[in-house]
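Here is a short briefing to read alongside the model. Please keep the sequence and the 3D view open as you go.

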Amino acid sequence: MIIVRKSSTLLTGAVIGAMVTAPLMALLYLAEQVAGLPFVPFDLFDWLARNLPGDVITRSIETIVDAIDRLNLGETSSTAKKIETLVALAQFFGGGVVVGAILFVARDRMGQRAGLVKFIPALLAAALIGVPVALISRKVNVLATTSDTVSTIWLLAVIGVWALVLDWVYDRLAERAPIAKTETEAVTPPDDTVSAQRLSRREFLIRAGATTATLTVIGAGVARYLEYRDEQDYQRLLDRRRAAVLPQALPNEGDLLEPAPGTRPEYTPLEDHYRIDISVRPPEINESDWRLKIDGLVDNPVELTLDQLRDDYDPVNQYVTLACISNSVGGDLTSTTRWTGARLQDVLADVGLQENARFLKITSADGFHETMDLALLDEEPRIMLAYHWDSIPLLQKHGFPLRIYIPDRFGMKQPKWIEHIEVMEEDEKGYWVERGWDKEARMRATSVIDVVAGDAVYTGEDGQMRVPIGGIAHAGARGISKVEVRIDEGDWIEADLREPLSETTWVVWRYDWPFEAGRHSFEVRCFEGDGTEQITERSSSHPSGATGIHKVTRSL
Ligand SMILES: Nc1nc2c(c(=O)[nH]1)N[C@H]1C(S)=C(S)[C@@H](COP(=O)(O)O)O[C@H]1N2
Ligand SMILES: [Mo]
């Protein structure tokens, strides 16, 4: 006997929602790879990330960073992007499931209706979802290469078809097992019809499931292949660029202090540089279409090409340690590479700042923005508009074609993918400042134990067995004058320092500890160039960057 209850309509709708949404996602992916149409699941995620309240976002970031650390999920920033990707896909898929369930219940409530009336729920769903989705995509998508009009028509069309397919499946299932309007009106057909209907209903579901699964796998598979080919092309381009530059000797090459084995690389391999930004996938900017627009309170507004920035200004090089304000004490959201760019002072001299110019508002392709106080410029000639990292054009994910470098500030003050610099009289809050983070965002002094190299234990000339301990210390552009370690909360002992790559990079330190078997605690602290001790009191990264002593415990 068939009694189709509300709950089962809901469940069927959810299952069908899943079955129809999966190929929709594959189709969107394929269309993106083939025609450059917008892949909206990531747009919706990015839009939420930009529009949810700042503290919700901050808490989510903290939870993710914490979980990655606790569960040992590997390098924080790339794992976080993978998690974002999965959440974005799951969220879209989940949305499809919910809409499927709602649509089925709505159709069920309506009962048998003749004519076009029965299409109302599906068309309503298509409009209620399609229109906002198209608008959101228009607002946040920066990867699509199609025009807004084409993208909008496409999204409305596929979402419309998707809703109608859901609706069509409802009808096919209803034919096979009339879905009762309410529990009391449940139909009880003769037994043989029931099993026949059941069978054909089940068969239909299986066939539909197999079809949508096949479409999903083929669509997503082809799309992934196309994407993979693009990635390979990009990799080849990078390899060519790499091959064209001569290996660079590091400026502290002559320093005799060997880092303790297991210390992080002093110069971060480019592919390992951490990446943090507000999009699931980074904007892709075409160099030939790109211009740096500088306007506002200037005498000569300009639109500069990348070549102009490279050729018309003396390039400056600076070894830089960048860190994210969300980095925890001892975390891996910090890296070091060599930045090349045009001095901001030089570029601004050419555009001619007007008398009342006080701030720069820097806006990026992803909608990110920050404001820089022009007072900084007088004290800090190292501020640059950077176009190279590690001697090659910026990687796409690190801000190609242009980003700014402001010494002593956390990453959040330093936009990537810069498109526009507006010179203003009034200050304005930057993207993360609007969301409750520190306006200054001056880098904190921090020191980290990377390794207690138990397997590198050695016996010194004095017959003493020693274990190398090492790590890094960094205080923005303020330098490091001293690093100290203590074992088992004993006295602080001064460590040896390697000469840093520059006055704005981290310093590699090392201390060779007289080995004692057993379980020990190790702590490190550093002092800034002027002798100021790092803040030893623990605080979380929000709102001004984490502080506290890095402590590890090891059994040796
Ligand atoms: N356009 C743009 N620039 C940005 C961001 C962003 O989301 N969008 N994130 C900032 C933050 S929070 C950090 S920590 C650094 C990270 O730079 P990286 O990803 O190249 O390491 O970029 C900064 N610049
Ligand atoms: Mo950051």
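Which polar backbone atom is 3.0 Å from a nitrogen atom of ligand 1? The atom belongs to Gln 414, and the pair counts as a polar contact (N or O atoms within 3.5 Å; within protein, one must be able to donate a hydrogen and the other to accept it, and residues adjacent in sequence count only if both atoms are side-chain atoms). The protein covers 99% of the 530 Å² of accessible area that ligand 1 has on its own; such areas come from the Shrake-Rupley method with a 1.4 Å probe, and for residues only the protein chains shown count as cover.

This is a predicted model, in which local features need pLDDT of at least 70 and side-chain atom pairs count only at pLDDT 80 or more, while totals for chains, interfaces and linings use all residues. Residues are numbered from 1 along each chain as its sequence is written, chains are lettered from A and ligands numbered from 1 in the order in which they are written, and side-chain values use heavy atoms, with hydrogens and water left out.

**Overall picture**
- The protein has eleven helices and 19 strands; these are DSSP runs numbered from the N terminus, with helices being H or I of at least four residues and strands E of at least two.
- About 95 × 70 × 45 Å is the span of the C-alpha trace along its principal axes.
- Of the 556 residues, 50% count as buried (under 20% relative accessible area, with exposed over 50% and partly exposed in between; 1.4 Å probe, protein chains only).
- Among contacts (heavy atoms within 4.5 Å) with a separation of 6 or more, 76% come from residues 24 or more positions apart.

**Around ligand 1**
- The ligand is surrounded by 21 residues, and the closest are Tyr 274, Asp 366, His 398, Arg 403 and Lys 416; a residue is near if one of its heavy atoms lies within 4 Å.
- Eleven of the shell residues are nonpolar, five polar and five charged (Ala, Val, Leu, Ile, Met, Phe, Trp, Tyr, Cys and Pro count as nonpolar, Asp, Glu, Lys and Arg as charged, and the others, Gly among them, as polar).
- Asp 366 places a polar side-chain atom 2.6 Å from a nitrogen atom of ligand 1.
- A polar backbone atom of Ile 278 is 2.9 Å from an oxygen atom of the ligand.

**Strand β10 and its partners**
- β10 (residues 418-424) pairs with β1 (residues 292-296) in the parallel sense over four bridges; pairing requires that DSSP finds at least two bridges.
- Lys 293 has His 420 in β10 as its bridge partner.
- β5 (residues 359-364) runs antiparallel to β10, joined by six bridges, and Ile 362 stands opposite Ile 421.

**His 369**
- His 369 sits in strand β6 (residues 369-373) and is buried, with a relative accessible area of 11%.
- Beyond four places in sequence, its contacts include Ile 362, Lys 429 and Tyr 431.

**Strand β13**
- Eight of the ten residues of β13 (residues 465-474) are buried.
- β11 (residues 446-452) joins β13 through six antiparallel bridges, with Val 448 opposite Ile 472.
- β12 and β13 form a hairpin with five residues between them, and Gly 463 in the turn has a positive phi of about 85°.
- β17 (residues 507-514) pairs antiparallel with β13 over eight bridges, and Gly 471 is partnered by Trp 509.
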